[in-house]
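Good morning. I will go through one structure today, one part at a time. Please have the sequence and the model open as I talk.

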Amino acid sequence: MSRVLLAMGAQLGAEVRTRLRSAGTLVALAFILVGSTLWMPDPRGKAASLTWRLAGEAVNTPMYRSPYVGAATAILTAVFFVLVAFYLVAGSVRRDRETGVGAILAATPLGKGAYLAGKVAANTAYLGLIAAMILAVGVGKFLAFGEGPFEPARFLLPWLLVSVPAMLFVAAMAVLFDVTPGLRSRSGLVIWFFVSMFLFTALPLALGDGPDASGLPAFDPIGLATLHVLVKGSLPPEAREVSIGLIFRDGPLTRVPWAGIEIPWAAAAGRAASALLAVLPFLLSVALFDRFDPARRLAWRVLRRPPASPPAAENASAPDGGGRTATAAFRIQELPAIDANPGARAAFLAEARLIWESSPLLRWALLAAGVAGGALPGESASFAAAAFLLILVPVISEAGAREALAGSEALVFSQPSVPLSGALWKTGSLALFLLAVSAPLLFRAALSSPARLIALVTGLLFVSAFASCSAFLTRGGKLFSGLYLALWYAAVNRLAAADFCGVLGGGLEPAVRSGYLAAGAAFLGLAMLVERRRRLTGR
Amino acid sequence: MLEIRSLSMRYPGGTTALSELSLSVGEGVLGLLGPNGAGKSTLMSILATVTRPTAGTFLWEGVDGVEHPLAVRRVLGYLPQDFGVYDKLTAREFLLYLGRLKGLSGAALKSRVDHLLQLVNLHGAAGRRLGGFSGGMRQRVGIAQALLGDPKLLIVDEPTVGLDPEERVRFRNLLSEIAHGRVVILSTHIVSDVEAVAGTIAVLRAGRLVCRATPEELLSKAAGRVFAVVVPPDRLAEVQRRLAVSSLSRRSDGVHVRFVGDASALAGAEAGSASPVEPTLEDAYLLTNLPGAA
């Protein structure tokens, strides 16, 4: 037992160190910076993250005291677990599989239960560290802007209520996605976004948002719905339009005293039950995990039969199809001469083609959505365009990191056609690919108005730079997937400025288009700077 | 054809991989030997224009390869020590992709890929995804891609790792053939590979060139400095501490030890019983690693 715990401890230490040194931690810090600015806004500003309205009165928000800042910290922590946490920890089993570390671990006495438990523990510890940073920032905000006494329990209890079950649950779900064929690929990152938004957020909010608003949700693994109910319960019964989301107002916000949320035993018990819920994905992971041996996969066992013995004549030749002689079929000098015309054009075309070839199934879905978006009438076209932009995620998210993920950097970047800037090459190739597969949408936009055409072209250029450079910088596709999906979600929910391609009814204004172009240029510039540094330092 | 001038590479954190390394390389195979961490792979990576040195440069037919890497890439075939492939592509698709990045296209590229797949004995697996390839098969794909563009400068880093004996022999023969009219730089720990194909050997240690010679010159330097002796098993640890042992085997009459260097390092009777033996290139290489050998 102690040996297993030691092994798990070693795994935990290595994983947490790896993650703390990864670009994901910078993303988490950026989230904390932006999130704390939004969810714990300067009390002198026009933004609030907890508001309600009383009959005939202005929008109320609590005074900047311990109860409010503590609750806002807990809400930000819940938002972190809904939107970001999974993307920070997903992929560790996949990484072990791809780097070959998994095969080494599989040859040790470490059982698959212990291995996966180590992964869950490492994910939990890392998420706990990030959640603790959010708590620290909350306390810092109070010290900077707060009034009244500092009440530690007002910070700690709501934060614990949310974070402990959420970190366990998300940690276990990340491992489940990692070991499940179909979910551990790039598509899994997209699927998680919807599972998290609808199954783990919208559904619990609906379950806890009954007419009397007093009942706690029976199912709330993340804890946002529980917080919502507790906030509602802390307000006067006549309070309406209670929101724990962001509110920006031109008019003044009325800051009123607020006693803060009370945590009844039922809520604590509910959260404890949510923590136990993490056992389910963990057990499912153990059942599904193949321990890096394809022959153990369920589908493999069911579908594959043992190969029949090859006939004697076939046995005489190598399994790779060649005769087993030390002499080649012909000599190298007999190879016909060949002329090469290296140039950037060849590299851009080859890379764009590879993006197409790397998604054998999704490319057809992407093409179909693009054609539908170009051909269907009215709202159906918007729906198809939204689907097109969504299917893009798994197709392009890792294109900028393909070499880093496969370990083919030296092979590819020593080729004569590849431009000296890999970031520029990746962005240009992706733009080429996107412009090609978006041809029906571009045609429709051109027929509609120049503004729409400009919006779509600038949007696609932005997506190219965003996808390729974020993947290039982080050596993976998770950052792009998470941020792009949040942007996409805002766009399909009719936030006009978030309509990055202008195909969902908004975002045509020159200022918006310039903003996306500038953001794309900034991504490219940053990637080229980092690339230069990597080249100079050999990293 | 290739002139390396005072190349230095210092990684962040202070590790010096190469220190003022200078070397001229002509047509044929240059075998690069050296212990782990000697700087071989860093040198290969710089010559392949993947890594930029912190100081110094190299010239390919008079053109500065650090300032003009594309000029080198046009004539380069490079097989890195560790390389990945795209598991979802077939061997043919992968080679076609890299061929396009070399500026090849059309039927000529397809024909070239098919020929190379035959050359490396993978024509029967050309349509299979690389994800299902064994280590040796992947290595052969790597060899094929290095030959795609008819390279004038071929840099191969540990190319025979993972190959079975037959494939190793096949590859060595291939290198010997391709070296005609070209520069081939072969880095390996397998001395017999170097012995079989290299016209010149360069030995690196701690980022510096410690020896450059033909195999014959190295062997002649080693003559009279390689010995065999039989020692009792309980003396083995002491012998290993004192001598550079190149091989040992336990037999009924004791432990048969082959060592390089000075037989006088052995104690009394053992020194008298040590007999000189014909050196191999491996012995000669070990001699270059002895203190003061350079």
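**Chain B and chain A, part by part**

I begin with strand 3 of chain B, which pairs with strand 9 (residues 200-205) of chain B in the parallel sense over 4 bridges. Two strands count as paired if DSSP finds at least two bridges between them. The strands themselves (E, at least two residues) and the helices (H or I, at least four) are DSSP runs, numbered from the N terminus. In this pairing, Leu32(B) stands opposite Ala202(B) of strand 9.

Before I go on, a word about the source. This is a predicted model, in which local features need pLDDT of at least 70 and side-chain atom pairs count only at pLDDT 80 or more, while totals for chains, interfaces and linings use all residues. Residues are numbered from 1 along each chain as its sequence is written, and chains are lettered from A and ligands numbered from 1 in the order in which they are written.

Back to strand 3 of chain B. Which strand does it join through 5 bridges? That is strand 8 (residues 183-187) of chain B, and the two run parallel. Here the bridge partner of Gly31(B) is Leu186(B) in strand 8.

Now chain B as a whole. It has 11 helices and 14 strands, and 50% of its 294 residues count as buried. Its C-alpha trace spans about 75 × 45 × 40 Å along the principal axes. Chain B is divided into domain 1 (2-219) and domain 2 (224-278), with bounds that come from an automatic or database domain assignment. The centres of these two domains, taken over C-alpha atoms, are separated by 38 Å.

Further along chain B there is an open sheet. In what order do its 4 strands stand? The order is 12-13-11-14, with antiparallel pairing. Strand 12 (244-251) and strand 14 (275-276) are the edge strands, each pairing on one side only. Inside the sheet, strand 11 (residues 226-231) and strand 13 (residues 254-260) of chain B pair in the antiparallel sense over 6 bridges. Phe227(B) stands opposite Phe259(B) of strand 13 there. Helix 11 (residues 281-288) of chain B lies across strands 11, 12 and 13, and runs at about 130° to strand 12. Such angles run from 0 to 180 degrees between N-to-C directions, and the axes are lines fitted to C-alpha atoms, for helices over the stretch in contact.

Next, the place where the chains meet. Two residues are in contact if their C-beta atoms, placed from the backbone, lie within 7 Å. The contact takes 52 residues from chain B and 41 residues from chain A. Which helix of chain B gives the most to the side that touches chain A? Helix 6 of chain B does, with 7 residues. By class, that side of chain B has 25 nonpolar, 14 polar and 13 charged residues. Here Ala, Val, Leu, Ile, Met, Phe, Trp, Tyr, Cys and Pro count as nonpolar, Asp, Glu, Lys and Arg as charged, and the others, Gly among them, as polar.

That brings us to chain A, which is divided into domain 1 (2-299) and domain 2 (344-537). Their C-alpha centres lie 29 Å apart. The contact between them takes 14 residues from domain 1 and 16 residues from domain 2. On the domain 1 side, helix 2 (23-39) and helix 9 (186-207) of chain A each give two or more residues. Helix 9 of chain A gives the most, with 6 residues. This side of domain 1 has 10 nonpolar, 2 polar and 2 charged residues.

Last, a helix pair. Helix 3 (residues 66-83) and helix 8 (residues 152-179) of chain A pack at an angle of about 10°, with their axes 7 Å apart. That makes helix 3 of chain A roughly parallel to helix 8 of chain A, a label for angles under 35 degrees; over 145 is roughly antiparallel, 65 to 115 roughly perpendicular, and the rest oblique. The residues of this contact divide into 12 nonpolar, 5 polar and 1 charged.

Terms used:
A residue is buried if 20 or more other C-beta atoms lie within 10 Å of its own, exposed if 12 or fewer, and partly exposed in between; C-beta atoms are placed from the backbone.
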